[in-house]
Each structure stands twice: as structure tokens, then as C-alpha cells.
Amino acid sequence: MRLATILDEACGDRAAAEAVLRELLADAPSYLPALERLASHAAQRGDVRAHADALLRYATALPGDRGPAGDARRSMIAEAARIATAAGNHTAAVRALEAAAATEPDGSEHALALSRALDAARGARGVAQAEAAAAAGDLDAAERRLRGLLGAQPYSVAAALALADLVPPAAAVGALRDALEAAPDDAEPTDVARLVFRTAQLTS
């Protein structure tokens, strides 16, 4: 670690420093100082995907499953997973959240928060997969994936909007209204507004 610090701070050779850090992590994947520095490097160069991935690795490597340390670890995993999902790394986000949820007792406040974060990550992954299928010309596969996702998560705003762009107007309106009916009491007003606005566009 000292060599990486010298290369980075004294020599300004960030590429060499990162190479040393990756060698360290190959032998010790949970070495927090190396993970933290990699995350910092990615943030400084504006690499959103690499930053999100490094944050996720750092969060999952934090010690502790119980007590304040465990609470802090799960909160950081949830936030890192949100950032990773936004950066397009859906699979890594889902895996990290699944592992974190497995350590949390059912019914706890943290279990509920992790469950919601996991649903969001799975939903984003499903929508991305459907969009990839549609881009490849397989519209039937895209529709099946989105409908399957909505069957498991009736209030998936992203899935409902993606399906509305894929199917005829009447079917699109039906999907949007179904999602609105499934909206929980604490749904984000902006998400509800997106569904309402798209429905209005299709029915005006």
C-alpha cells in the first residue's frame, strides 16, 4: 500500500498506483484501504461506472453484520447499489443487495429497506435487459420480460413506462393504470406524476 501511495502522491503516476492496488486486491480482495483509494481515483477521473463498482466492493467488504457496524454496512451497500444501478451495473448491485439481505433478520427496519432497494435493482436490471432485447429487434422477448417484471413488481415505474413505449396505445394505457393502482401509499410523487403524464399523453 505504501508503494501505491508514493506512486500516486509523490510521483503523480496514478496508472502505476492503480496497478499496484489491483495486485494487492488480487491477494486480498477485501483490503479496505486499497478499495477506498481505487474508488477515490475513479471519482477524480469522472469514471462513473468504475466509481460505482469500487464503492460497491468497498461497502460489501466492510466488517460487521450486527449492531451499529452492521447497520452502517447495510446502509452503505444500499447506497452503493443505487449508484451502481444508475451507472448500469445492475447485476453487481443485485448480488450485493441479495448478500446483505441474507444477513438481516426478517421483519426488521433494515430488512424492509434492503428489500425495497433489491426490488429497485432487480427492476432496473429487467428493464435494461428488455431494452437490449428490443434494440436487437426481439420485441416479443422484450414485452415478455417487462410483463414478467410487472407481474412480480406491479409498481415498477420503469417497467410500466418501458412497456408503454413498446405496445399499442390501449395496452399501454392498461399497463400504466395497473401500475398506478399498485402504487404504495409512500410512493414518490414524481414517479406517480410520470405515470399520470404518460397516461394523459396516450389518452388525449
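Helices here are DSSP runs of H or I with at least four residues, numbered from the N terminus. The structure in the viewer is a predicted model.

Begin by selecting E143 and R147, which form a salt bridge whose closest N and O atoms are 2.9 Å apart. Both belong to helix 8, and because they are four residues apart there, about one helical turn separates them. E143 is partly exposed at 25% relative accessibility, and R147 is likewise partly exposed, at 38%.

Next, select R194 and D191, whose side chains meet in a salt bridge at 3.6 Å, N to O. These two lie three residues apart in helix 11, so they too are separated by about one helical turn. R194 has 43% relative accessibility and counts as partly exposed; D191, at 23%, is also partly exposed.

Remain on helix 11 (residues 189–203) and select R198 together with D165, which lies in the loop between helix 9 and helix 10. Their side chains form a salt bridge of 3.1 Å, N to O, and the pair links distant parts of the chain, 33 residues apart. D165 is exposed, with a relative accessible area of 57%. The count of salt bridges comes to four.

Now turn to L176, which touches R198 as well as A160, L161, A164, L195, T199 and L202, leaving aside residues up to four places away in sequence. L176 is among the residues with the most contacts inside the largest nonpolar core, which has 23 residues. Helices 7, 8, 9 and 10 each supply at least two residues of this core, and helix 9 gives the largest share, seven residues.

Finally, select A84, V94, L114 and A117, which are included in a second, separate core of 19 residues.

Methods: Residues are numbered from 1 along each chain as its sequence is written. This is a predicted model: local features need pLDDT of at least 70, side-chain atom pairs count only at pLDDT 80 or more; totals for chains, interfaces and linings use all residues. Side-chain values use heavy atoms; hydrogens and water are left out. A nonpolar core is a set of buried Ala, Val, Leu, Ile, Met, Phe, Trp, Tyr and Cys residues joined through side-chain atoms within 4.5 Å. Buried means under 20% relative accessible area, exposed over 50%, partly exposed in between (1.4 Å probe, protein chains only). Contact means heavy atoms within 4.5 Å.
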